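Please consult the sequence and the structure while reading.

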Amino acid sequence: MRRTGTTRRGALTATGALALGAVLTGCGGDDEGAGGKQPARAATAKAEKALREKAVRDGALLLAQYDLVAEAHPATAAGLEPLRAAVAEHGKALAPPRAKGEPKGDKAPPAPAGPVSADPKAAVRELAAAERRRADAHTEALLTAGPELARLLASVAAAAAAHAYLLTELAEETAV
C-alpha cells in the first residue's frame, strides 16, 4: 500500500524548488538596462563604507585602551599583546578600500574615554567588556551589511567574543 501525505523527500524537493525559484527570480534583469540599480548600488557602497569606517574607529579606540592597560599594568602586557595584534589586523581588514589617488588617512588613534583602573584585574575586565561590546556591535551591523562585509564582520565579531573570554580568564590569573 502506498503512503499518502507529505513525506520527507517530498518536502525537501518542494523546498529546493522554492529556493531555486527565489534564486532565479533574484537573477532577473528588468532594470539593469535602464540603469535602475545604479543608485541602489551607490547607496549600498556608501552604507558599507560608513560601516567599515565606524568599525575601524571602534577598533582604534580599543587599541588605545589595550595600550593604556599594558602601560599602566606591565605584568599584563605579555598576555594582551597577541590580542592587541589581532585587533590591529582586524582594523586593517575592515578598512574601506581607497580609490586611486586617494591619500592614505593615517590619523592619530583616539584616546579611550576614562582612566584605566588601578587594579590590574579590573582593567583587564574592562577590556573584556569592551571586546564584548565590539562583538555585539559587529553582530548588529550584520543586518545592514552586504554579503562580503557581513562575512568579515561575523569573523571579527567571533574573534572579539573569543578575546572577551580570554581576557576574562586573564583577569582571573592576574595578580593584584
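Which residues are buried in α5? They are Leu149, Ala150, Leu153, Val156, Ala157, Ala159, Ala160, His163, Ala164, Leu167, Leu170 and Ala171.

## Overall architecture

The model discussed here is predicted. The protein chain contains five helices and zero strands, and its elements follow the order α-α-α-α-α from the N terminus on. Of its 176 residues, 27% count as buried.

Helix α3 covers residues 77–94 and has 18 residues. From first to last C-alpha, α3 reaches 25 Å, close to the 26 Å expected at 1.5 Å a residue. Its buried residues are Leu80, Leu83, Val87, His90, Gly91 and Leu94.

Helix α5 covers residues 147–173 and has 27 residues.

## Packing of α3 against α5

The axes of α3 and α5 lie 11 Å apart, and the two helices pack at an angle of about 165°. The angle is over 145 degrees, so α3 is roughly antiparallel to α5. The crossing of α3 past α5 is left-handed.

On the α3 side, the contact involves Gly79, Leu80, Leu83, Ala86, Val87, His90, Ala93 and Leu94. These residues meet Leu149, Leu152, Leu153, Val156, Ala159, His163, Leu166, Leu167 and Leu170 of α5. By class, the contact of α3 with α5 comprises 14 nonpolar, three polar and no charged residues.

## Packing of α3 against α4

Helix α4 spans residues 120–141, and its axis comes within 13 Å of that of α3, with a crossing angle of roughly 25°. This angle is under 35 degrees, and therefore α3 is roughly parallel to α4. Here too the crossing is described as left-handed, with α3 passing α4.

Leu80, Val87, His90 and Leu94 of α3 make the contact with Leu127, Glu131, Arg134 and His138 of α4. The residues of this contact divide into four nonpolar, two polar and two charged.

## His90 in α3

His90 is located in helix α3. Is this residue buried or exposed? His90 has a relative accessible area of 14%, which is under 20%, so the residue counts as buried.

Residues up to four places away in sequence aside, His90 touches Arg134, Val156, Ala159 and His163. His90 takes part in the contact of α3 with α4, and also in the meeting of α3 with α5.

## Glu131 in α4

Glu131 is located in helix α4. Why does Glu131 count as buried? Its relative accessibility is 0%, and therefore it falls under the 20% limit.

When neighbours within four places in sequence are left aside, Glu131 is in contact with Leu62, Tyr66, Val87, Ala160, His163, Ala164 and Leu167. Of these partners, Val87 belongs to the α3 side of the contact with α4, while Ala160, His163, Ala164 and Leu167 are among the buried residues of α5. Leu62 is 69 residues from Glu131 along the chain, yet the C-alpha atoms of the two residues are separated by 7.8 Å.

Methods
Residues are numbered from 1 along each chain as its sequence is written. This is a predicted model: local features need pLDDT of at least 70, side-chain atom pairs count only at pLDDT 80 or more; totals for chains, interfaces and linings use all residues. Side-chain values use heavy atoms; hydrogens and water are left out. Helices (H or I, at least four residues) and strands (E, at least two) are DSSP runs, numbered from the N terminus. The expected span of a helix is 1.5 Å times one less than its number of residues. Buried means under 20% relative accessible area, exposed over 50%, partly exposed in between (1.4 Å probe, protein chains only). Contact means heavy atoms within 4.5 Å. Axes are lines fitted to C-alpha atoms, for helices over the stretch in contact, and angles run from 0 to 180 degrees between N-to-C directions. Angles under 35 degrees count as roughly parallel, over 145 as roughly antiparallel, 65 to 115 as roughly perpendicular and the rest as oblique. A crossing is left-handed if the near helix is turned anticlockwise from the far one by less than a right angle, and right-handed if clockwise. Ala, Val, Leu, Ile, Met, Phe, Trp, Tyr, Cys and Pro count as nonpolar, Asp, Glu, Lys and Arg as charged, and the others, Gly among them, as polar.
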